[in-house]
Amino acid sequence: IRNCLVQGQSSAAGSIYFGDQTSNGTQGLRVTNNLVLETWLGIVLVAVNATVTHNTVICEPTLGFNVLGGIYHALQSGRAAQMIANNVIQIPSGSAIALVGGFPLAADANVWDLGPAGSFGNAGTFADWQNLGFDAHGMVGNAALIDGHNGDYRPRFYSPAINRAVDNHGVTTDLAGATRTGFNDSGAYAVNPSSPGIEVRGPWG
């Protein structure tokens, strides 16, 4: 699934749900260049062999549901996500990543934007997560998106998502169809240095 806007989901299944509880698991699944908004649970992976790259997930409480997690990863029948990389996850509370039964095989270059009540949940601290070999090029901090309140989820010129990715995992365009050039940006939107966007900034940034 790629290049999708998923918005306003509040069911227990989350916004993007992939589940296969058989011993075979889902093979070769790619979740790329999606913008997931207004959800209490972002991308749910249950026993799937998935590559989850270049997504922007904005979690917030909806219709009485408290935020549970930006990415929910459940290991069953020995099946785990292959790679979780180059994503921007913004979560005001709850767990940036919720782990059930095990870890993904690899994760890197994610920007985890945690609000005042956000945490890394049962993964421990972000330092614990990195000590396990994940997100060597990732970071926790303000993703600095232009204006999410008015629907602009592109990174600002100083966003840590810019040039964050060290491998584009075969993704050559962004959600808007712009070519990803040079160093790759994390999240669904890229900043193309050959054709930069214009950012109008007020006195408060």
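A: Rings of Phe, Tyr and Trp (its six-membered ring) pair if their centres lie within 6.5 Å; planes under 30 degrees apart count as stacked, over 60 as edge-to-face and the rest as tilted. The model here is predicted, so local features need pLDDT of at least 70, side-chain atom pairs count only at pLDDT 80 or more, and totals for chains, interfaces and linings use all residues. Residues are numbered from 1 along each chain as its sequence is written, and side-chain values use heavy atoms, with hydrogens and water left out.

Q: Which residues form one aromatic cluster?

A: The cluster consists of Phe103, Trp112, Phe120, Phe126, Trp129 and Phe134.

Q: How many aromatic pairs does a search of the whole structure find?

A: The search finds six aromatic pairs. One of them is stacked: Phe103 and Phe134 lie 5.9 Å apart, centre to centre, with 25 degrees between the planes. Phe103 belongs to the loop between strand 10 (88-100) and strand 11 (107-108), and Phe134 to the loop between helix 1 (126-131) and strand 13 (139-140), so this pair ties together parts 31 residues apart in sequence. Helices (H or I, at least four residues) and strands (E, at least two) are DSSP runs, numbered from the N terminus.

Q: Is Phe134 buried or exposed?

A: Buried means under 20% relative accessible area, exposed over 50%, and partly exposed in between (1.4 Å probe, protein chains only). Phe134 is buried, at 7%, whereas Phe103 is partly exposed, at 37%.
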